[in-house]
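Student: Please take me closely through one part of this model. Then set that part beside the rest.

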Amino acid sequence: MAVYLRRVIPSQSSVLAVLLRSSSNGIIQRRSVSQTLFSQDLLCIYETRKAPALTSFDFLGDSRRGFAKGKKSKDDSGVSTVEVVDIGPSVKAGASSQMDAAVVALSRELAKLRTGRASAGMLDHIIVETNGVKLPLNRLAVVSVMDPKTLSVNPYDPNTVKEIEKAIVASPLGINPTVDSERLIASIPPLTKEHMQAVCKVVTKSCEDVKQSIRRARQKALDTIKKAGSSFPKDEAKRLEKEVEELTKKFTKSAEDICKAKEKEITSG
């Protein structure tokens, strides 16, 4: 019997086969008590052999539970969430910086235009060639306003007076400076009506150009808000879009005011 048990225990299919053969042949009913006990022992052995299968199933369940815990630890809640990024400050700062730069550039360009009044910046764009090197006039001299109709040009190097005088005369400003010791005195002649109209057209075009730059900065900011998508709350997006529109209006008005002031300066002679 011991030998038989050793043969039966390793295989569940062998135990089942023995029981089925015994049942089909009616042997169970004719067995002795010892044989019946032996059959019960076989059933116990069979039930014992089934336990690993249950344990294996529980192991898979534990594995699934462990995987769920791993996901939970990743987001600390077990619930899918979307990270909210506050892009408001960076969007507003970027738009404001670009719009302000456009307005500053406009002011510099308009300062170069000749009007009936003397302006220190009206000579900045003149290029002077000295010792084979071309440089802006404001890199070689200090320009100051003596009175509403007169400019003073003081070179850093007195030896460049002649080169600076030549460059001013060659410019389209129509100014003929005179040498006064180590400096130049430039009288601003009155503007003709035709010249006033031409300069006013330049101002109008410059104003439109800066408005386009402001609108481009606005569109760039709105595109950034749109690209944020679900990572940025809708109510915050609407509020930020409104603030960008307010910035656009603010800098557009600033550009228009600068241009209007320049046109008034030109037409007043």
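Tutor: Start with strand β1, residues 127-130, where side chains alternate. V128 and T130 point to one face and are buried. Buried means under 20% relative accessible area, exposed over 50%, partly exposed in between, with a 1.4 Å probe and protein chains only. Strands are DSSP runs of E with at least two residues, and helices are runs of H or I with at least four, numbered from the N terminus.

The model is predicted: local features need pLDDT of at least 70, side-chain atom pairs count only at pLDDT 80 or more, and totals for chains, interfaces and linings use all residues. Residues are numbered from 1 along each chain as its sequence is written, and side-chain values use heavy atoms, leaving out hydrogens and water.

What does β1 pair with? Its partner is β2, residues 133-136, in the antiparallel sense over four bridges. Two strands pair if DSSP finds at least two bridges between them. E129 stands opposite K134 of β2. Two residues lie between the strands of this hairpin, and N131 takes a positive phi near 55°.

Now a sheet. Four strands form an open sheet in the order β3-β4-β6-β5, with antiparallel pairing. β3 (141-147) and β5 (178-180) stand at the edges with a single partner strand each, so one side of each has no neighbour in the sheet. β3 pairs with β4 (150-155) over six bridges, antiparallel. A141 has P155 of β4 as its bridge partner.

Next, the helices. The axes of α5 and α8 come within 10 Å and cross at roughly 10°. Axes are lines fitted to C-alpha atoms, for helices over the stretch in contact, and angles run from 0 to 180 degrees between N-to-C directions. α5 and α8 are therefore roughly parallel, a term for angles under 35 degrees. Contact (heavy atoms within 4.5 Å) involves V91, M99 and V103 of α5, among others, and L240, V244 and F251 of α8, among others.

Finally, the largest nonpolar core. Such a core is a set of buried Ala, Val, Leu, Ile, Met, Phe, Trp, Tyr and Cys residues joined through side-chain atoms within 4.5 Å. Here it has 31 residues, and V91, M99, I225 and I266 touch the most other members. α5 (88-111), α7 (193-228) and α8 (234-267) each supply at least two residues. α7 gives the largest share, twelve residues. Apart from this core lies another, of 20 residues, including V161, I168, L173 and I188.

Technical notes
Parallel < 35°, antiparallel > 145°, perpendicular 65-115°, else oblique.
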